[in-house]
Structures are given as C-alpha cells and as structure tokens.
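Subject: Model for your files

Hello,

Here is the model we spoke about. Please keep it with your copy of the notes below.

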Amino acid sequence: SQTIHQWPATLVQPVGSPLSLECTVEGTSNPNLYWYRQAAGRGLQLLFYSVGIGQISSEVPQNLSASRPQDRQFILSSKKLLLSDSGFYLCAWSKGGDSPLHFGNGTRLTVT
Amino acid sequence: DAKTTQPPSMDCAEGRAANLPCNHSTISGNEYVYWYRQIHSQGPQYIIHGLKNNETNEMASLIITEDRKSSTLILPHATLRDTAVYYCIVYSGTYKYIFGTGTRLKVLA
C-alpha cells in the first residue's frame with residue numbers, strides 16, 4: 001500500500017531564517033505531488049504541484065519554492081521566512097486521471 | 001475548474017443521517033465531484049468521488065443530480081467522530097485540485 005511521509009510535524013522558525021520541508025511517498029511510482037498551505041481557520045491553498053522529476057508548477061507567487069529531486073520526493077523551501085509564511089503545510093499525491101489526492105499529516109509552521 | 005458552493009456550517013444529531021449539499025452549477029461534462037473531510041489539525045481525508053452516477057462506499061454515499069449541477073454527501077449514521085470540515089471539489093484532470101472553504105459539520109450527542 002502507498003504511504004506518504006511528511007516532516008517535521010511542527011516547526012518554529014524566526015523571521016528571515018531558511019525553510020526546508022520534505023515529503024516522500026512510498027509504494028507507488030511517478031506520482032503527481034502537491035504542496036498546499038492552510039492558514040489558521042482558512043481553506044487549503046494550492047502552492048505547487050509536480051507531474052515529474054524536475055517539473056514544478058507554481059500556483060501562487062510568493063516567498064516559497066519547490067523542488068522534486070527524485071521521483072517520490074518533494075521539497076518545499078524558502079530562503080528567508082516571513083511572518084505571513086506561518087501556517088499548516090500539507091503534502092499530497094495522486095496517480096493522475098480521476099484518482100483522488102492523498103494527504104500527509106502536515107507540518108505546522110510558526111514564524112516568530 | 002468549476003467553483004463549488006457549500007453552506008459554512010451544519011449540525012446533525014448523532015445516529016442520524018448527515019446530508020451535506022454542494023452546488024457546482026458550472027460543472028463541465030468531464031469534471032468529477034470529490035468529497036474530502038478534515039478533522040482538526042490533520043490532513044484532509046478522501047471520502048468518495050463520482051462523475052455522473054451515484055456512488056457508495058463504506059464511508060458515505062454520493063448523490064449527483066441528473067443535470068450534475070449539485071450533489072449531496074450522505075453519512076448514513078453520523079457519529080461524534082464525523083465532526084469535521086467537509087470539502088466538495090470539482091476536478092477536471094488538469095492536476096489542480098482546488099479546495100473551497102467547506103462545510104463545518106458538528107455532530108451533536
């Protein structure tokens with residue numbers, strides 16, 4: 001069966017510090033990968049998605065970037081965090097077609 | 001992708017059926033309707049999806065109107081653990097799953 005791992009679960013970082021969140025999927029190959037962000041009390045905002053190694057589509061211009069160095073690895077990064085980057089970051093995968101999204105357990109980021 | 005409209009909140013008595021509506025009046029013929037739920041501080045959980053026909057699985061039933069402009073998610077016997085935010089989304093296969101603000105369902109004891 002397929003599993004998705006996201007870490008860390010919680011993170012507190014000062015403004016201006018860098019960020020790296022990692023997500024890996026097991027049990028499948030060539031998944032579509034996604035990063036979402038959820039601000040407190042809000043809905044999910046699609047940040048990036050990737051349909052293959054090195055292929056990144058950005059949905060929202062911002063302080064963040066994403067990379068996919070391996071087939072089942074998706075990384076969310078920032079060079080300098082802003083207060084507004086605080087939120088709940090979720091990684092997800094799908095097999096494409098009409099197959100559903102499957103989410104990880106998320107990383108709660110607080111920028112202080 | 002088509003936009004969906006859901007009521008912001010609903011209450012349901014424990015043991016009763018919870019019927020969560022969703023409007024997607026601009027849906028296209030090749031767009032699927034998906035339902036997810038998110039329990040506080042967790043990642044969203046896939047529930048069910050459909051294109052034209054009604055669907056049922058171990059978690060819920062999905063009723064899609066004949067004109068496909070709306071759908072209803074039915075939790076047949078709601079429990080306290082079904083308290084969550086429920087999201088209805090329409091997906092056309094363009095890789096982008098766009099979530100709205102969902103319906104906050106509260107199951108009452």
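Two strands are taken as paired if DSSP finds at least two bridges between them. Strands are DSSP runs of E with at least two residues, helices are runs of H or I with at least four residues, and both are numbered from the N terminus.

This is a predicted model, in which local features need pLDDT of at least 70, side-chain atom pairs count only at pLDDT 80 or more, and totals for chains, interfaces and linings use all residues. Residues are numbered from 1 along each chain as its sequence is written, chains are lettered from A and ligands numbered from 1 in the order in which they are written, and side-chain values use heavy atoms, with hydrogens and water left out.

Chain A

Strand β4(A), residues 32–38, pairs with two other strands. Seven bridges join β4(A) to β9(A), residues 87–94, and the two run antiparallel. In that pairing Y36(A) stands opposite L90(A). β4(A) is also antiparallel to β5(A), residues 44–52, over six bridges, and there Y34(A) has Y49(A) as its bridge partner. β4(A) and β5(A) make a hairpin with five residues between them, and G41(A) in the turn has a positive phi of about 70°.

Seven of the seven residues of β4(A) are buried, so the strand is largely enclosed by the rest of the structure. Buried here means under 20% relative accessible area, against over 50% for exposed and partly exposed in between (1.4 Å probe, protein chains only). Both faces are covered: N32(A), Y34(A), Y36(A) and Q38(A) lie on one side, with L33(A), W35(A) and R37(A) on the other.

Chain B

Chain B has nine strands and zero helices. Its radius of gyration is 13 Å, close to the 13 Å that the globule rule gives for 109 residues, so chain B is as compact as a globular protein of that length. The radius is taken over C-alpha atoms, and the rule is 2.2 Å times the number of residues to the power 0.38. Of the 109 residues, 44% count as buried. Residues 24 or more positions apart account for 56% of the contacts (heavy atoms within 4.5 Å) with a separation of 6 or more.

Five strands of chain B form an open sheet with mixed pairing, in the order β1-β9-β8-β3-β4. Its edge strands are β1(B), residues 9–13, and β4(B), residues 45–50, each pairing on one side only. β3(B), residues 32–38, runs antiparallel to β4(B), with five bridges joining them. Y34(B) stands opposite H49(B) in β4(B).

Regards
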